[in-house]
Amino acid sequence: MQQKLVLYIGDVSVYTDQERVDQFKNESVSLTQTIQNVKDIKKIFTEFTQTFSLPASKKNNKIFKHYYNYHISNGFDARKKVKASLELNDIPFKEGKIALTGVDLKKGVPHTYKVTFYGNTVDLKDILGDTQLATLEKLGDDYDTVYSYDSIVAGLGALNIANVIVPLISHTDRLFYDTSQSSEQNGNLWYGNTGLRPLAGVDYQQLKYALRLQTIIEAIEWQFPITFSDDFFTSSNTDWNNLFMWLHRKKGNVEAATPIDFKWTTITEIRQLSPPNGCSYPSGACIPNVTTNGISIDIHPISSSYVLNAVNVTLSPTQTTTDYSIRIIRNGNESDVVAQRVNVQGTTPLGNYYGDPLFPPNNLYTIQVSSASTITFGQDDVLWSIKFEDNTSAGQGQLGSHALGNRVMMVTNLDKEFNMAEQIPKMKIIDFLSGVFQMWNLTAYVKDDGEIVVQPLDDYYADGSADPINIDKYLDVNKSTVDIALPFKEVNFSYKGLGTFLAKQYEQLFNSGWGSLSYSADDYFDAPENKYSIEIPFEHMQYERLFNESTNGETTIQYGYFVDDNRESYYGSPLIFYGIRRTTGTSIAVRKVEGDVREVEAYWIPSNTKTLNASSSKRAIHFQPQLSEYKAFVNGSDANQFTDTLFETQYKTYIQEVFNPSVRLTKVTAYLPYKIFSSLKLNDLIQLGQNDYKINSMTTELTTGKTEFELLNIN
C-alpha cells in the first residue's frame, strides 16, 4: 500500500512555525537507521534519509529563500540544519532536521532542491559545534576557587561527596617515602622529624584540583538544550560517578592567564632603622617626619623648608633566580600605582624617584610583591631610603635621610584565582562526550519528549522487544545474501594518552600499550587483513604505590608521576581516573615553604580500579586486565583479580558475537506494513523462520514500506 508522506520544516512544538513543503508526486524517500554498525564499531548512528528531491515551487523557493541566487542578502544558510518533521498517513512519524545539499537548475532556471533528513540524535554535534569544555559557565559559577596552600590541603582531604578534589598526582617532582633520619630530599612524604627536615613533604604547588565527570555532564545539560537520561549518567552509578578529570591545562605549576589573577603580598612589619630612629641628618635632628604604621609609610615634612629629595626602595630576596614583580601603591588603592617593575630577579632597586610629584606629602605608601613561585625576604631585605633637602638658612642644600626596613621574614602569598575556564584541559565538548561514549560503549537515541536516552549497548539490546517480530510473510524471497559479519581481522582498543613515564616504561618492557587490548579471531581466521582501532582521547597513567625506602614496608600511599619518559613536565591528554579517599593508614607531609610542613591524614589517591580490593569491585578502566598498581607487590594479594575491564563489561558480548565463526551478516528485503515499520526499533529482534536476529541496520522506503535489513544471527 502506498503511504502518504508529508515533510514539514520548522519547530514541531510551535505549530505556527511549521511549513509544509511541496513534494514531487511519488517521490521515493528512504530512511536508514542503525545504532551501532559492525562495519564502524565506534560510531553512534541515527536515522537519516538518502538525499531526495523537492520541486523548486513558489512555496519551496520562499522556504529556501531562492538559495540558487547568491546575490540575495541574508539568504538561506545551508551550512546549518533546520528543524523538520515527517508525517505518514497524517500521523506524526519522525522529528529531526533537514540539511539542504544543493539545487539543480535546468536551462538556468531552478528545478529541484536536494535535501537530507536526519534524526534527532545528530543534534549533539549540531548544538555543541566546536565549543570547548572551558566555555561551560556552570563550572565557573559553582567551582571557581583559589589556589593556595590551605585550599590544596583541604582538597586533599575533601569528603567523598565533593565534586572538586585534589588527587596525589605530581606534575614534576618524584614523590617517595623514606623514614631515614637523614633523608632530607624534596618530595619525601614522611612527616616525622620535620623540624630537622625543612624540605619534607610534597610542595603543595606540585598538586592540582580534579573535577568529577558527572559535574561536566550536568554543566553541559545546564548550558545547552540537552537532557540526558539517568540510565548511565547519574550519581547513583558509582562505576561512572567516581571518575574524575585532572585539571591540568599546562605543564608545571598552576598559572593564571593574566598577571592580575596573582595575589599581591603586602610587605608588613615596616620599622625605622638606626641611627637614631632611622634618621641621619647633618644638623643633628630629623626635622622632616617619616612615620610608619607597620604596613605603610607616611612622608610629611613639617614645613616647606624641607623638600623631599629622593625615594629609593631596594628588594633583596633569598631566591636569586626566581621572577617576581614589585609595586608601590598610594593610600591602599591598588589602582593607584606609584611605581612598578615586572618579572625581575635578585636584588632589585625599584628606582630613584626625585622630587615631590610621585610622592606628595600626607599620603600613605605601601610596597607589594607578587610571584608565581615562592619568594622569601629576610629581615631588612626590603629597604626604604628617603632623602630630604634642607632649605633653611642654617642647612642650605644639605641632605638628610630616613631608613626603614622589614622587621621579620616575609613570604609572598601565592594564592591565585583558580578559574575553571583557564584550568580545565583544552578539549571540545563533543570530543569529551565521544570519548566517554566510546570508553563505555554507550549508545543513544532521542525519545519523543526530547530526552536523550544514554545506555551501554548491552543494556539497550536487553530493553528490546521480549518477543521476536516474524517477517516471513513480508519477505522478498527472490534475493538475499549472507556475508561475513566483521570485515576486520583485529580490533584494537587503546587510550590516546600513553606518554607518562611509567606508561612509556611499560610499553618498552612489554611491547604493548598500558591498558590496551588487541582482540582478534583465531589464527586461521581468513578475514581481510585491515585492523580497526578504537582510541579513547584521554590520558591513561600507570600509578605507583609507595614503599618505605628504608624498611621496604608497605604504605597506603599511591600517587601519579605526571612526567614524560625524560622525567620532565608533561602536558599529555586530559587525564581520567578513579578517585579513592584514604582516611586511615600512612599520613603524608605537605609543604608550603621551607620549614612550613603540615601532616595530612586523609587524602585522595588516583587509581585505574574503582576500589583497592577486588573483593569490593573488580571494575577497572583498562581494556585488558592489568596488575593492580596498589596490590602488585604485596604478597598474597588479589592484584590480578580486577577483571571487569571496559572490554569485558562493555564490548565483549557484542564483539565476540560478530567474531563468532557461526555469525553471518544476512541481508534480506521485506515489504512491511505501516504498523510494523513505523514502530520497529533497532533493539527489536527479527525472526526469519525459527531463527532470531539482531538488526545491524535497516533502510525503509517510507512510501512503500520496502525495507532492506542487515541482520546478525543469534546463536
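Mentor: Let us begin with contacts, where contact means heavy atoms within 4.5 Å. In the protein chain, among contacts with a separation of 6 or more, 73% are between residues 24 or more positions apart. This is a predicted model, in which local features need pLDDT of at least 70 and side-chain atom pairs count only at pLDDT 80 or more, while totals for chains, interfaces and linings use all residues. Residues are numbered from 1 along each chain as its sequence is written, and side-chain values use heavy atoms, with hydrogens and water left out.

Trainee: What is the mean pLDDT of the protein chain?

Mentor: pLDDT is the predictor's confidence in each residue, from 0 to 100. The mean for the protein chain is 85, and 88% of its residues reach 70 or more. Over residues 38-42, however, pLDDT stays under 50, although the model has 26 contacts for them beyond four places in sequence. Where pLDDT is low, the predicted coordinates should not be read in detail.

Trainee: How many helices and strands does the protein chain have?

Mentor: Helices (H or I, at least four residues) and strands (E, at least two) are DSSP runs, numbered from the N terminus. By that rule the protein chain has twelve helices and 46 strands.

Trainee: Which way do the residues of strand β1 point?

Mentor: In a regular strand the side chains alternate between the two faces of the sheet. In β1, L5, L7 and I9 point one way and V6 and Y8 the other way, and all are buried, where buried means under 20% relative accessible area, exposed over 50%, and partly exposed in between, with a 1.4 Å probe and protein chains only. Two strands pair if DSSP finds at least two bridges between them. Strand β1 (residues 5-9) pairs with β6 (residues 82-88) in the antiparallel sense over five bridges, and I9 stands opposite A84 in β6. With β2 (residues 19-20), β1 pairs in the antiparallel sense over two bridges, and here Y8 stands opposite R20.

Trainee: What is the order of the strands in the open sheet of three strands?

Mentor: The order is β11-β38-β37, with mixed pairing. The edge strands, β11 (169-170) and β37 (544-547), each pair on one side only. Three bridges join β37 to β38 (residues 554-561), and these two run antiparallel, with E544 standing opposite Y559 in β38.

Trainee: How many residues of helix α4 are buried?

Mentor: Helix α4 (residues 149-156) is mostly covered, with six of its eight residues buried, namely Y149, S151, I152, V153, G155 and L156. The cover over these buried residues includes β9 (145-147), β10 (164-165) and β40 (588-593).

Trainee: At roughly what angle do the axes of α8 and α11 cross?

Mentor: Two packed helices are described by the angle between their axes and the distance between the axes. The axes of α8 (residues 429-440) and α11 (residues 646-659) come within 8 Å and cross at roughly 85 degrees; axes are lines fitted to C-alpha atoms, for helices over the stretch in contact, and angles run from 0 to 180 degrees between N-to-C directions. Angles under 35 degrees count as roughly parallel, over 145 as roughly antiparallel, 65 to 115 as roughly perpendicular and the rest as oblique. The helices α8 and α11 are therefore roughly perpendicular to each other. Where they meet, Q438, M439 and W440 in α8 touch L646, Q650 and Y651 in α11.
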